[in-house]
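Visitor: I have a structure here and would like to go through it. Can you put it up?
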Number of protein chains: 2
Amino acid sequence: MQALVDAARCKESVLVAGLDPVPSRLPEELRALPEAEATLKFCLGILEAVEPYVAAVKLQAAFFERLGPAGMGIYADLIGAARNLGLPTIADVKRGDIGPVAAAYAEAHLGLYGATCVTVNPYMGEDAVLPFLEEARRRSGGVFVLLATSNPSSRQVQETTDPPLFEVIAGLVARLGKPSGDYPDAGAVVGATRPEIGDRVRKLLPEALFLSPGYGTQGGDASSVRPLLDHNGGGVLVNSSRTILYAYERSASDYREAAGEAARGARDELRLIGAHL
Amino acid sequence: MQALVDAARCKESVLVAGLDPVPSRLPEELRALPEAEATLKFCLGILEAVEPYVAAVKLQAAFFERLGPAGMGIYADLIGAARNLGLPTIADVKRGDIGPVAAAYAEAHLGLYGATCVTVNPYMGEDAVLPFLEEARRRSGGVFVLLATSNPSSRQVQETTDPPLFEVIAGLVARLGKPSGDYPDAGAVVGATRPEIGDRVRKLLPEALFLSPGYGTQGGDASSVRPLLDHNGGGVLVNSSRTILYAYERSASDYREAAGEAARGARDELRLIGAHL
């Protein structure tokens with residue numbers, strides 16, 4: 001986890017750029033290429049463009065998995081390319097299985113593919129989280145457990161019971177995390193679109209590092225991140241995917257230049273509200 | 001979903017054989033081979049051996065993912081080989097993400113790789129389930145939603161709230177499934193180790209098809225499947241993985257022969273309690 005924290009401090013940025021390469025949204029100039037090649041080229045261009053402004057990159061595994069075995073080759077290439085640029089990586093896999101199965105997923109994404117951190121789904125309880133934490137501990141990595149997500153239907157599941165499920169999972173995260181530098185190695189995924197939930201989760205996990213998606217296209221803005229901050233203004237990494245990747249659609253610039261500009265803008269907005277690690 | 005039901009009827013078997021290839025448990029004779037090659041060979045041997053006795057095979061994606069891009073090639077090969085043997089496949093991926101991300105996972109496993117059915121994690125609500133159902137509907141496939149799992153720590157999450165989470169998810173499954181032949185296209189994963197939970201879930205989902213893991217090594221036996229059956233003795237497919245795959249460890253037979261024997265025995269035990277589709 002500390003590699004992520006150190007990178008955020010070095011860059012003075014809490015922004016994470018998400019790689020969600022959707023083929024139909026790739027720039028015109030790349031669409032003539034085979035899909036896998038276009039995806040790799042696009043993502044490499046984005047990586048270099050955003051590198052000065054972001055603490056880390058998050059790879060959305062589904063968009064690589066959809067390209068078959070070759071897609072997983074690209075996923076490996078991009079994690080390697082990020083490493084060469086000094087960028088920690090978050091494998092956004094949200095895997096949720098137990099025991100040796102969870103251990104196999106952890107070995108794949110934190111070991112073989114070499115991501116720094118991974119996202120995990122806690123539906124099956126601590127059996128689904130511990131194998132990832134154990135693998136992360138061997139590699140000074142970290143785990144972000146899905147807790148309160150920002151999609152509309154998450155409320156049906158995460159908020160309709162007593163106590164709400166997100167509080168149960170917050171308890172799990174608090175119990176499983178161990179100190180690993182400035183933050184425990186078990187962090188949480190907490191959406192930035194619902195301040196009242198953010199506020200409650202921060203009270204339950206005063207020390208934890210949050211990964212907050214939903215910045216930009218999902219309706220969150222910099223001010224909605226504020227309730228997630230800890231008492232020092234720290235404790236949050238903010239992910240933005242489509243707003244950065246496809247910034248070129250709203251601009252006359254090259255996609256790389258537009259992505260760089262969008263990342264710089266988001267980083268600056270987050271600095272303005274005082275977010276830092 | 002109906003392909004699975006038809007296969008179970010044709011074979012007079014509700015047994016599903018799970019492919020969970022753990023390298024350290026492969027037979028001696030295969031261990032000298034490179035890991036990916038040994039895994040493929042082992043699983044092909046198992047497929048042919050169990051084919052007469054099972055309704056379908058379930059592939060545990062993690063064990064293929066752990067082998068990198070080549071592992072996903074093997075995963076594709078095995079789904080194809082099962083199809084050639086007339087065996088429907090369940091991709092046990094337990095993916096749990098939303099919107100276009102879930103759609104990409106669905107396209108990967110039901111489309112590109114061509115599995116008949118898929119398992120899904122409902123932590124993020126219906127946004128995480130519907131894209132899989134939509135893909136399944138285009139292909140006459142089906143979706144099994146994680147509901148009440150049999151691992152010890154699942155209780156921490158699935159049973160500690162009021163109402164218990166598994167009841168919330170049962171409501172989601174009932175609402176999202178549509179008729180698709182003899183069973184709705186949204187089924188549920190329900191462990192066979194806790195009769196009181198099984199009984200309750202069956203009352204909430206009287207029409208649904210359940211996929212029940214936990215038979216054999218996880219402590220469940222044929223009689224523990226009984227509470228899951230519907231009022232006709234139907235509605236349940238029972239998965240057994242390690243008890244079949246590694247039957248050779250407790251026998252003097254070749255691994256294929258031992259697996260076939262174990263599958264035949266499990267099928268017969270399930271027939272004895274009257275389980276059928």
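Guide: A term to begin with: two residues are in contact if their C-beta atoms, placed from the backbone, lie within 7 Å. This is a predicted model, where local features need pLDDT of at least 70, side-chain atom pairs count only at pLDDT 80 or more, and totals for chains, interfaces and linings use all residues. Residues are numbered from 1 along each chain as its sequence is written, and chains are lettered from A in the order in which they are written.

Visitor: Why do the copies meet through the same surface?
Guide: Because 100% of the interface residues of chain B are also interface residues in chain A.

Visitor: What rotation superposes chain B on chain A?
Guide: One of 180°, with 0.0 Å of shift along its axis and an RMSD of 0.0 Å. The two copies are therefore related as by a two-fold rotation axis.

Visitor: New topic. What do the strands of chain A form?
Guide: A closed barrel of eight strands, in the order 1-2-3-4-5-6-7-8, with parallel pairing. Two strands pair if DSSP finds at least two bridges between them.

Visitor: Over how many bridges do strand 1 and strand 8 of chain A pair?
Guide: Three, in the parallel sense. Val16(A) has Asn239(A) in strand 8 of chain A as its bridge partner.

Terms used
Helices (H or I, at least four residues) and strands (E, at least two) are DSSP runs, numbered from the N terminus. Copies are superposed by least squares on the C-alpha atoms of residues with pLDDT of at least 70 in both.
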